[in-house]
Amino acid sequence: MRALIASGGGRLTWRSVPAPPPPGPDAALVRPIAVATCDLDRALALGDTPFPLPLSIGHECVAEVLEVGSEVANVQVGDRVVVPFEINCGLCGACRAGFTSNCTGVPPLSMYGFGLGGGHWGGVLADQVAVPFAEAMLVPLPEGVDPVAAASVADTICDAYRHIAPHLPGLLRRDPDTEVLVIACLGNRTIYSASVPLYAGLIALALGARRVRLVDGRADVRAVAAGLGLEPVHPRALRTTPPASLVVAASATSRGLWAALSHTAADGVCSSLGGLHRTARIPMMQLYARNISFHVGRTDVRALAPSVLELIADGRFQPERVISTRGALDDAPRLLDAHYRTGDIKTVLSR
C-alpha cells in the first residue's frame, strides 16, 4: 500500500510501505476517506518541531472500517468513524477517567502521524490504518454528518472544544453577557495555521456566547473571523481591549500566553493550547490577585468527540466554514505543499 512521507524541507512523496496485518481480536483496519491538516502540520513538515523527519504524516481523519476483530462490537465493516489521533486502550485508569491522551496502556505520547516522536503507528495519509483498540478508540460518525466537515474532530476541533465547553456554560450562568477572547497570532505571520482559534470562536457562539473577539495580526485570518460572526481585533488594539472572563491562549508562543493571562478578568479562566517552547513567563501575582484559573494540556479526543459530533449533527456548529481548501487525496503532495508554503488555514482531502 502507499503512505505519504514528509521529508526535510517539506518534501512530500507517496511511498510503498507494508500493509498492516489483519486486525487482532480488539483491533480494526480502516481506510481514511477524509483527511485534514492540523495547525501544527506546517511546522512538522518543514522540520520546525522536535519530531524528527522523515515521517508518515497525517493524523486527522474520518475513515471507513475495512475489517474488525472478533471482540469489536461498537463498529462494523462499512461504518464511517472518527479516528482519534491519540492511541488509547480504553481500559486503564486514565482512559476510564476520560484522560485518554495519557493512556497508560501504551507508551506516552502515542499518536498517529508524528513519526518516532509518537511511536510506530504510521500516519493517516495512507491507504490503510491499523487501529489497535477499535472498541475504545473509534467513534461512529452520526448519520448525515459530512466526513469532510468532521475530519478534524480527530484533533483540532476537539482541541478547540476543550477550551470552551468545560468553562463557558458556568460563566454564562453567572453572567449571561460573558465575553470570550481568543488570542492567536500577535505578529503578521506564524508557522502555525489558524483553525483552532476559529473553531474555538465558533464553538463559543454555538454554546451561547453573545460576543467573541479574536485577536490576530494576519489580515486574512481577521477577514475569515469576521465572516464567521466573530469580532476581529488587530493586536495593536489589544491594549485597549477589556479583559474577558474566558480567554483562549491560542498563539502557541510565550508572548501570546502572557497577553492572554493579562487579559483574563477577575475570577475568569484562561485556557492555553500550549506550545513547543520549553518555558514561559507568567504574571503570577496578577493571576493570584485576580483569582484566575489557568488550564494547559493536550486534548482528550476520544472523551470529547461524541459531544463535539452531537454539536455538529444538530447544526449548532458548522466546522466546514473554516475549511479553506478541499481536494482529492490522490493530489495530496501538491495540495499540502501549497498549504505548508502559504497562509492556508485548513485543507481537507477526500476520496
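Let's start with a helix pair. H5 passes H7 in a right-handed crossing. One caution before the details: this is a predicted model.

Who makes the contact? On the H5 side, the residues are Thr156, Ile157, Asp159, Ala160, Tyr161 and Ile164. On the H7 side, they are Ser195, Val196, Tyr199, Ala200, Ile203 and Ala204. Sort the contact by class and you get nine nonpolar, two polar and one charged residues.

Now the geometry. Two packed helices are described by the angle between their axes and the distance between the axes. Helix H5 covers residues 156–164, and helix H7 covers residues 195–206. They pack at an angle of about 50°. Their axes are 8 Å apart.

What is the strand order? It reads E11-E10-E9-E12-E13-E14. This is an open sheet of six strands, with parallel pairing. Which strands sit at the edges? Strand E11 (231–233) and strand E14 (293–296), and each pairs on one side only. On average, neighbouring strands here are turned by 20° against each other, direction ignored.

Look at one pair inside that sheet. Strand E12 (residues 244–249) and strand E13 (residues 264–272) run parallel. Five bridges join them. For a place to look on screen, find Ala249, which stands opposite Ser272 in E13.

On to the other sheet. Strands of a sheet pair through backbone hydrogen bonds, either parallel or antiparallel. Here the pairing is antiparallel. The sheet is open, has three strands, and is ordered E2-E1-E4. Strand E2 (11–16) and strand E4 (55–56) stand at the edges. Each has a single partner strand, so one side of each is left without a neighbour in the sheet.

How many bridges join E1 to E2? Six, with strand E1 spanning residues 2–7 and the two strands running antiparallel. Take Ile5: its bridge partner in E2 is Thr13.

How values were computed
Residues are numbered from 1 along each chain as its sequence is written. This is a predicted model: local features need pLDDT of at least 70, side-chain atom pairs count only at pLDDT 80 or more; totals for chains, interfaces and linings use all residues. Side-chain values use heavy atoms; hydrogens and water are left out. Axes are lines fitted to C-alpha atoms, for helices over the stretch in contact, and angles run from 0 to 180 degrees between N-to-C directions. Helices (H or I, at least four residues) and strands (E, at least two) are DSSP runs, numbered from the N terminus. A crossing is left-handed if the near helix is turned anticlockwise from the far one by less than a right angle, and right-handed if clockwise. Contact means heavy atoms within 4.5 Å. Ala, Val, Leu, Ile, Met, Phe, Trp, Tyr, Cys and Pro count as nonpolar, Asp, Glu, Lys and Arg as charged, and the others, Gly among them, as polar. Two strands pair if DSSP finds at least two bridges between them.
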